[in-house]
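Subject: Structure for your files

Hello,

Here is the structure you will be working from. My notes on what turned up in it follow below.

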Amino acid sequence: MTQQLYLITPPKFDLDEFAKTLANTLDAGDVSCVQLRLKEASDDEIRKACAVLRPIVQDRDIAFVLNDNPTLAKELACDGVHVGQEDTPYKKAREIMGKDAIVGMTCHDSKHMAMVAGEQGADYVAFGAFYPTQTKEPKSKAEPWILEWWTSMFEVPCVAIGGITDENATPLLEAGADFIAVCGGVWDHPDGPEEAVKKFTALLNS
Ligand SMILES: Cc1ncc(COP(=O)(O)OP(=O)(O)O)c(N)n1
Ligand SMILES: Cc1ncsc1CCOP(=O)(O)O
Ligand SMILES: [Mg+2]
């Protein structure tokens with residue numbers, strides 16, 4: 001499997017405007033997964049966002065994952081859900097989503113959390129934050145060795161997250177990250193999101 005870009009939506013957006021930006025951004029390069037992450041939105045706002053954004057993503061054969069809420073993810077026909085250590089526990093999330101859906105888990109910088117998640121059947125384990133980020137106050141700081149360790153021991157894909165840009169992603173890719181999850185590094189890129197995705201695509205194919 002080649003290394004891939006996992007795009008996280010901005011924390012807030014105007015839906016009509018963002019729908020166009022997202023389509024153009026996805027058309028600019030290779031993205032394998034989009035996570036809708038709206039921490040401050042109500043369930044109805046998430047429903048509305050999903051109705052508009054999910055087809056844009058899925059029509060391009062890209063997986064559409066919802067953050068935090070497996071019940072809504074199932075209701076809204078998302079391809080998967082991402083759960084953190086303080087969200088719905090893995091087993092419950094799997095029960096709700098079904099065996100074929102993607103269920104990914106935050107594992108911070110913890111070997112133990114990752115081994116538990118992998119053993120339970122998570123489709124990926126996410127490590128981070130690797131770099132300072134404006135998007136979230138991270139609970140942990142991860143170093144590239146954990147990606148190297150994970151990939152040398154286990155088959156379950158790993159995601160690197162936190163402050164990743166096209167300029168600092170290389171050590172994480174060299175350490176073996178299967179996916180790099182990026183929010184600000186795309187949406188706040190000085191040359192715009194399309195150029196950012198082009199740059200990440202070049203990096204991932206180099
Ligand atoms: C791919 C990916 N990795 C980690 C996270 C963080 O999830 P969590 O720890 O539950 O924090 P919030 O995103 O819910 O604030 C993620 N969302 N996606
Ligand atoms: C959700 C999340 N979890 C750990 S860091 C982070 C933020 C990712 O966004 P950015 O790519 O802007 O740092
Ligand atoms: Mg969460």
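A129 sits in the loop that runs between β6 (124-128) and α6 (145-153). Please keep in mind that this is a predicted model. The peptide bond joining G128 to A129 is cis, with omega at about 0 degrees. A second residue to look at is D68, in the loop between β3 (63-67) and α3 (70-75). D68 is not a glycine, yet its phi is positive, at about 75 degrees. For background, most residues other than glycine have a negative phi, and most peptide bonds are trans.

Annotated positions

An unreviewed UniProt entry gives "domain: Thiamine phosphate synthase/TenI" for residues 5-185. Over that stretch the chain is 38% helix and 19% strand, and its end C-alpha atoms are 11 Å apart.

Ligand surroundings

Which residues are closest to ligand 1? They are G84, T106, A126, I161 and A181, out of 16 residues that surround this ligand. Two elements, β5 (102-106) and β7 (158-161), each give two or more residues to the shell. By class, the shell around ligand 1 is made up of five nonpolar, six polar and five charged residues.

Around ligand 2 there are 15 residues, and those that come nearest are T133, T135, G162, C183 and G184. The shell around ligand 2 has seven nonpolar and seven polar residues, with one charged residue.

Helix packing

Two packed helices are described by the angle between their axes and the distance between the axes. Helix α1 (residues 15-27) is involved in both of the pairs described here.

Because angles under 35 degrees count as roughly parallel, that makes α1 roughly parallel to α2. The crossing of α1 and α2 is right-handed. On the α1 side the contact is made by L15, A19, L22, A23 and L26, and on the α2 side by K48, A49, V52, L53, I56 and V57. By class, that contact has 10 nonpolar residues, no polar ones and one charged.

The second pair is α1 with helix α9 (residues 193-204), at an angle of about 25 degrees and with the axes 8 Å apart. That angle makes α1 roughly parallel to α9. This crossing of α1 and α9 is right-handed. Here T21, N24 and T25 of α1 meet P193, E194 and V197 of α9. The contact of α1 with α9 divides into two nonpolar, three polar and one charged residues.

Regards

Key: Residues are numbered from 1 along each chain as its sequence is written. Chains are lettered from A and ligands numbered from 1 in the order in which they are written. This is a predicted model: local features need pLDDT of at least 70, side-chain atom pairs count only at pLDDT 80 or more; totals for chains, interfaces and linings use all residues. UniProt positions are given in the numbering used here, feature names are shortened, and annotations may be inferred rather than shown by experiment. Helices (H or I, at least four residues) and strands (E, at least two) are DSSP runs, numbered from the N terminus. A residue is near a molecule or strand if its C-beta atom, placed from the backbone, lies within 6 Å of it. Ala, Val, Leu, Ile, Met, Phe, Trp, Tyr, Cys and Pro count as nonpolar, Asp, Glu, Lys and Arg as charged, and the others, Gly among them, as polar. Axes are lines fitted to C-alpha atoms, for helices over the stretch in contact, and angles run from 0 to 180 degrees between N-to-C directions. Angles under 35 degrees count as roughly parallel, over 145 as roughly antiparallel, 65 to 115 as roughly perpendicular and the rest as oblique. A crossing is left-handed if the near helix is turned anticlockwise from the far one by less than a right angle, and right-handed if clockwise. Two residues are in contact if their C-beta atoms, placed from the backbone, lie within 7 Å.
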